[in-house]
Amino acid sequence: MNYGNSYVSSVAIYSSYGQVLRTLMEADKFDGPSIVLAYLPYTSEDDSALNILKETKLAVDSGYWPLYRWNPSKSTAAESFSLDSEAIKADLQEFLDRQNHISQLVTSEPKLAAELVTSLGSKLAEARSQKATAAYDAMLSGLDGPPLTILYASDGGMAEKYAKKLVTRAKLRGITSTIQSMDSFSLEDLKLEEHVVFITSTAGQGEPPQNGRETFKAFNAAAARGDKLFTTLKFSVFGLGDSHYWPRAEDAHYYNKPGKDLDKRLEQLGGERIADLGLGDDQDADGPMTGYKVWEPLLWKALGVDNVQVTEAEPEPVTNEHIKIASNFLRGTIAEGLKDTSTGALAPSDGQLTKFHGIYEQDDRDIRDERKSQGLEPAYSFMIRVRMAGGVCTPQQWLDMDSIADEHGNGTFKLTTRQTFQFHGVIKKHLKPSIQAINKALLDTIAACGDVNRNVLVASLPSLSHLHEECYRFGSTLSDKLLPKTSAYHEIWLDKKMVAGEAIKDVEPMYGAYYLPRKFKIAVAIPPNNDVDVFANDVGFIAIADQKGRLIGFNVTAGGGMGVTHSNKKTYPRTGDVLGFCTTDRGHKVAESILTTQRDNGNRADRKNARLKYTIDRMGLDAFKAEVEKRQGFAFEPAKPFHFESNVDEFGWIKDAQGKYHFTCFIENGRVQDEPGKDFKTGLREIAKVHKGRFRLTANQHLIVSEVPESELSTIKGLLAQYRLDNVQFSGLRLSSSACVAFPTCGLAMAESERYLPVLIDKVEKICEENGLRNDSIVMRMTGCPNGCARPYIAEVAFVGKAPGSYLMLLGGGYYGQRLNKIYRENVTEPQILAILGPMIKRYALERQKGERFGDFVIRAGYISATTAGKHWYEGMGGEGEYREAGL
């Protein structure tokens, strides 16, 4: 670089394919020597691609391996050097901003805002008043008991909830209490504390939660050295766990392991236990509260406040229902939070509200620990989900989405199981420009998430294009009809101003100020293909056509839903029940009546039991149906005959009755990106530039290049071939697979999904091929948590994440989504998965009956019993007879 006549660059193979490709093209084009330094961390040929990816992300994010390009052929020195490391760019910008602030302070006449100067006095007086009030409160509250520090470690929020409960109850007994996460409280400060309570949940395979791991590591290191850290510490520990989460006898020690380990370690380091270890078990009658009620009185007795009479009512905990009613119709303080540059996150309450706007706050979990060790907040970013009923978009809208992913996201986008686009890696300052760009493309994100009706699914069978068009119009107008009416979305994201003095108030005529108890999903299916998994939705419309193929109405289903909480038997998946038939013109009224019945009867006290499926089981199907009919003003007609044959997509070319062509591309798990040998993102961009028809996203995460006229056919075929998008010669297993995003962005993920399922399928494919089943469709799905985004509970074989590398294994779902599967094994790793599936698939190949599907075979062969209803899902879990899991 000093000589000035060589091209020099730095790349990371697993960081940015686009940057690597751009660098190599520049290096090849440069007239002179070119040197490209490439980062590829691995110790052996057996290292997994996933581990290499994670190590690369750590190196690039921390700045250990900077990405840059030095091209002397550029006209100026400024143009010659390009820094491609976003993390280093951000650090440089922060440094420059800080330098600008310093320059302002040292100048003879600093240009400080007038309102800042004039408000200094009032601000100072206010701060002094607040400090005096806090001191007075501390003096009063400390009269009855010693100060108490409460430290928690929590991933899902449960341990934090119990810690906050304890703080409140301590203050009611006159004890000065402070609360922090374990890792935010330094070890040096902890040595000076006298009374400390530790509350921890259990993560992974008996591991401490993320915000307590550094504390646990420090304690373990001190114990290994034989240190006695504490001389004055008096402690008690309360642990939260699930005794059924690891049901096998050899795994029993994982139950509440962090709490047990912490209790022993603190005593080993010199602490004095003042109340015995408390253990909260999800399986107890009141959940963890059963153990908490035993443990808490022991703590008050040890602190000498057990005789204090508490007459004041304990404050009601803040729930989503409180957040919604206090939000002023979904506004909250989102607008103010977007302006706060001190953090990449939003306030927790606003994080709940932005879901209604189609936005989820996330962070990069691959580098969470590394950033914490550097004293940095998590690498916050946001996921944006588009509302696009039926998954239909124009080529120009596809180009707009492609551009948004590059300009505001992480350069890729996801085709979701709800037939829409999803962007990841959008940082806070890019949120508003992203939403505005989506709206400029004549799409939006309102109600793509949240406790409202979400994106309406519509079958995408191209061979039935005329019927599809009628169903698409029905689904699209239904989606618009069920939208929230608040103007908050347009004010916050599109800069539409409020009426002066708020003379006109928002009103939600259908949802009300509380909106729905939980999410609400609708799908429209066209037999014989159930590609939208209609029975997995809160409401389903099954299209019924006359003899001429014209839509005459729908069979209506209600009560489907996938979400579950591990080991909580009050939660379960459910398939919808058929209520009856309605004509097309009455469909919207039916949907609204079911929605308002759920609005008024859903469980708002417990979000885990708030979906429509639980409302129906609690009310009874007949009573629920009667209430819906009362609201809609007419009775359902008897259901019309229909049949389904499959819920997978039909890949390749199809010609419809109007002479138009449709090509269904295989996009594995819906990830649109460029990678070596598969420049799908570039290819689809090039197709969108010339395509005159439309694109259709499927509910199985694939894409249909739709309505191709004969005159355009050769051009589209050429582009598909050029970018290898015409390749659909995959195994039946792979073509029938689906996975959610999970790591690294989803905050709910417990295990890998999208990044791991293709690897697992590589190995299961070999078993299928060895047994002559390469072309046989077996529906396999995977999710990183039990919430069920990829609809795993109706797959023939499914895996649901419990911990990194560990999954729930389920068998026996119906091939066209008509029957729930059932838990076959509660904890399996990859070797166990392959050991189970190997003999099972071989036996299926040898013993199956004509036309028998894998999900039906495992029931007939006695591996698992059929699930007859959602509320009976746990009956027979663990296998049948000789295949039953030991210990169950």
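β30 and β32 each supply at least two residues of the lining of the largest cavity. The model is predicted: local features need pLDDT of at least 70, side-chain atom pairs count only at pLDDT 80 or more, and totals for chains, interfaces and linings use all residues. Residues are numbered from 1 along each chain as its sequence is written, and side-chain values use heavy atoms, with hydrogens and water left out. Helices (H or I, at least four residues) and strands (E, at least two) are DSSP runs, numbered from the N terminus.

**Exercise 1. Cavities**

Determine how many cavities of 30 Å³ or more there are, and describe the lining of the largest cavity by class.

*Solution.* 
- Step 1. On a 1 Å grid over the protein atoms alone, a cavity is a set of points where a 1.4 Å probe fits but cannot get out, and lining residues have an atom within 4 Å of a point. Grid points are joined across faces, edges and corners, and a volume is the space filled by probe spheres set on the points.
- Step 2. The count by this rule is 5 cavities of 30 Å³ or more.
- Step 3. The largest cavity has a volume of about 100 Å³. It is lined by 16 residues, of which His-566, Ser-567, Leu-808, Ile-823 and Tyr-874 are the closest to its centre.
- Step 4. The classes are nonpolar (Ala, Val, Leu, Ile, Met, Phe, Trp, Tyr, Cys and Pro), charged (Asp, Glu, Lys and Arg) and polar (the others, Gly among them). The lining of the largest cavity has 9 nonpolar, 4 polar and 3 charged residues.
- Step 5. The second largest cavity holds about 60 Å³ of space. Among the residues that line it are Ser-460, Asn-529, Glu-650 and Ile-704, and its lining divides into 4 nonpolar, 3 polar and 3 charged residues.

**Exercise 2. The sheet from β28 to β32**

Give the strand order of the open sheet that contains β30, and state which helices lie across its strands.

*Solution.* 
- Step 1. Strands of a sheet pair through backbone hydrogen bonds, either parallel or antiparallel. Two strands pair here if DSSP finds at least two bridges between them.
- Step 2. The order of the 5 strands is β28-β29-β30-β31-β32, and the pairing is mixed. β28 (737–739) and β32 (822–828) stand at the edges with a single partner strand each, so one side of each is left without a neighbour in the sheet.
- Step 3. Strand β30 (residues 797–803) runs antiparallel to strand β31 (residues 806–811), and 6 bridges join them. Val-800 has Leu-808 in β31 as its bridge partner; Leu-808 is also one of the residues closest to the centre of the largest cavity.
- Step 4. Angles run from 0 to 180 degrees between N-to-C directions, and axes are lines fitted to C-alpha atoms, for helices over the stretch in contact. Helix α26 (residues 757–770) lies across β28, β29 (780–783) and β30, at about 150° to β29. Helix α27 (residues 830–847) lies across β29, β30, β31 and β32, at about 140° to β32.

**Exercise 3. Helix α16 and its partners**

*Solution.* 
- Step 1. The axes of helix α16 (residues 395–408) and helix α17 (residues 431–440) cross at roughly 170° and come within 10 Å.
- Step 2. Contact means heavy atoms within 4.5 Å. Met-401, Ile-404 and His-408 of α16 meet Pro-433, Ser-434, Ala-437 and Ile-438 of α17. These residues divide into 5 nonpolar, 2 polar and no charged.
- Step 3. A second open sheet has 5 strands in the order β13-β26-β27-β22-β21, with antiparallel pairing. β13 and strand β26 (residues 694–697) pair over 2 bridges, and the partner of Cys-393 in β26 is Phe-695.

**Exercise 4. Backbone features in loops**

*Solution.* 
- Step 1. Pro-528 lies in the loop between β17 (522–525) and β18 (539–545).
- Step 2. Pro-744 is in the loop between β28 and α26.
- Step 3. Asn-328 is not a glycine, yet has a positive phi of about 55°.

How values were computed. 1 Å grid on protein atoms, 1.4 Å probe; cavity = no way out; pocket = protein on both sides within 12 Å on 5 of 7 lines; lining within 4 Å.
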